[in-house]
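Reader: I have a model open and want to go through some contacts. Can we start with the charged pairs?

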Amino acid sequence: MDRIVVRGSGPLRGEVAVSGSKNSALALMAGALLARGETVLENVPWLRDIDTMLEILRALGARAEWQGEGAHAVCIDASRIHNPEAPYDLVRKMRASFLVLGPLLARCGAARVSEPGGCAIGVRPVDQHLKGFEALGAKLRLDHGYVDASAARLRGGHVAFDVSTVNGTQNVMMAASLADGETVLENAAREPEVVELAELLLRMGADVRGAGTDRIVVQGVESLRAARHRVSGDRIEAGTLLCAAMVTQGEVLVAGVDPAHLESTLDKLRECGADIETQPTRVLLRMPERARAVRFVTAPYPGFPTDMQAQLMAVLCSADGSSVVTERVFENRFMHVPELQRMGADIALSGRSAHVTGVPKLAGAPVMATDLRASAGLIVAALAAEGETVVSRVYHIDRGYERIEEKLRSLGADIRREG
Ligand code: EPZ
């Protein structure tokens with residue numbers, strides 16, 4: 001099993017481009033199920049999760065493949081869906097598979113999708129997705145771990161989400177785009193990935209308004225056509241690379257991302273002492289000195305992203321002073337804490353908060369990746385630690401970061417993968 005070996009070294013310097021957004025791409029791929037014809041998505045990252053989604057789309061009967069060797073593009077032709085069922089074996093690999101339920105229900109009038117179940121970072125129910133489908137007139141039955149959904153034709157409805165849910169908003173928005181009449185989604189998630197999916201739907205001929213606000217209004221249309229779309233740069237990968245630059249007191253230009261998607265992250269990094277300049281698709285970060293301690297709380301967009309919590313915490317482990325990190329989105333997203341402690345971090349957990357007292361330098365250690373962003377946090381911490389850190393279970397990181405070690409190496413990091 002692969003391991004990533006990092007030796008703490010000097011400041012990272014240079015320019016690095018981010019890949020396309022994993023979480024956008026996954027939703028857009030599910031969205032392609034709504035149209036007959038070939039949808040082409042460009043700037044899709046080469047990641048395990050994308051391959052899993054391609055596999056799911058093929059299991060449903062769609063043609064779904066990478067467009068030629070070496071291209072960051074996928075083609076999805078969902079003209080024929082012969083089997084609207086997403087089996088447990090695939091859904092358990094990746095929760096985002098549940099995003100096929102909305103499009104399948106709208107296109108085929110019936111769908112059977114395995115319940116995703118909990119995962120390392122929390123219970124993660126899908127009740128809000130189901131509440132939305134019911135409001136559109138779907139009949140739902142939970143059967144041996146599967147959601148059986150049917151509706152001869154969905155009709156518009158009113159959905160007030162009890163929690164802000166990214167995939168829930170996306171799932172119901174996709175279903176509503178082929179329903180009869182108007183659907184109103186209240187307390188909709190405002191994440192850029194919701195806005196980007198709405199952009200694809202508009203290009204396909206849907207009538208979706210208000211994406212990016214907490215009230216989305218969808219007028220259902222009879223059918224949707226295939227479209228071409230370029231996936232935007234990954235804001236979380238960008239934030240991770242910026243944390244890597246910060247922790248090593250480096251100077252790095254991160255290209256291929258919209259800084260507007262990173263505002264709350266950039267604000268916090270500035271508060272820690274980073275000097276940051278933004279251009280339309282680039283962010284330049286210089287870190288002149290040791291980071292300063294901060295307080296931050298994760299929250300739905302435009303709040304500080306939960307997907308950046310571990311990476312910023314890793315920076316704060318060697319910051320000057322005491323920080324407080326509060327996780328409000330997922331109930332169990334502190335699994336990196338014991339691993340960071342193995343590296344000498346001074347962290348005390350109390351409920352949903354972690355009190356981090358910065359130490360001058362962490363010490364390299366063997367550590368274990370527990371989930372995607374936790375592993376990114378461990379790599380950030382290792383970049384500024386004394387000596388060698390060996391991160392095992394790196395398959396977690398390969399789910400969401402394309403060639404992370406090559407990108408960091410191009411900035412001067414001492415990092416390698418061992419088979
Ligand atoms: C998306 O997950 C992302 N995944 C996650 O990315 C990200 O952490 C999360 O949004 C929050 O930003 C994808 O887009 C594929 P939620 P999602 O529904 O949509 C609760 C990463 O590392 N909830 O917005 O599944 C839920 O338990 C990851 O790339 C319900 O209670 O997250 C959580 O506490 C992991 N009922 C909160 O809402 C529901 O029906 C927000 O979850 C749905 C969610």
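Reader: Which residue does D89 meet in a salt bridge?
Author: The D89 side chain meets that of R92, at 3.6 Å from N to O. A salt bridge here is a side-chain nitrogen of Lys or Arg within 4 Å of a carboxyl oxygen of Asp or Glu. This is a predicted model, where local features need pLDDT of at least 70 and side-chain atom pairs count only at pLDDT 80 or more, while totals for chains, interfaces and linings use all residues. Residues are numbered from 1 along each chain as its sequence is written, and side-chain values use heavy atoms, with hydrogens and water left out.

Reader: How many salt bridges by that rule?
Author: The count is 34.

Reader: What about R112, which partner does it have?
Author: R112 bridges to D148, with the closest N and O atoms 3.1 Å apart. R112 is in strand β8 (110–114) and D148 in strand β10 (146–150), so the pair ties together parts 36 residues apart in sequence. Strands are DSSP runs of E, at least two residues, numbered from the N terminus.

Reader: Is D148 buried or exposed?
Author: D148 counts as buried, at 18% relative accessibility, whereas R112 is partly exposed at 22%. Buried means under 20% relative accessible area, exposed over 50%, partly exposed in between, with a 1.4 Å probe and protein chains only.

Reader: Which residue of β14 is the bridge partner of D207?
Author: Q219. β13 and β14 pair antiparallel over three bridges.

Conventions
Pairing = 2+ DSSP bridges. Helix = DSSP H or I, 4+ residues; strand = E, 2+ residues; numbered from the N terminus.
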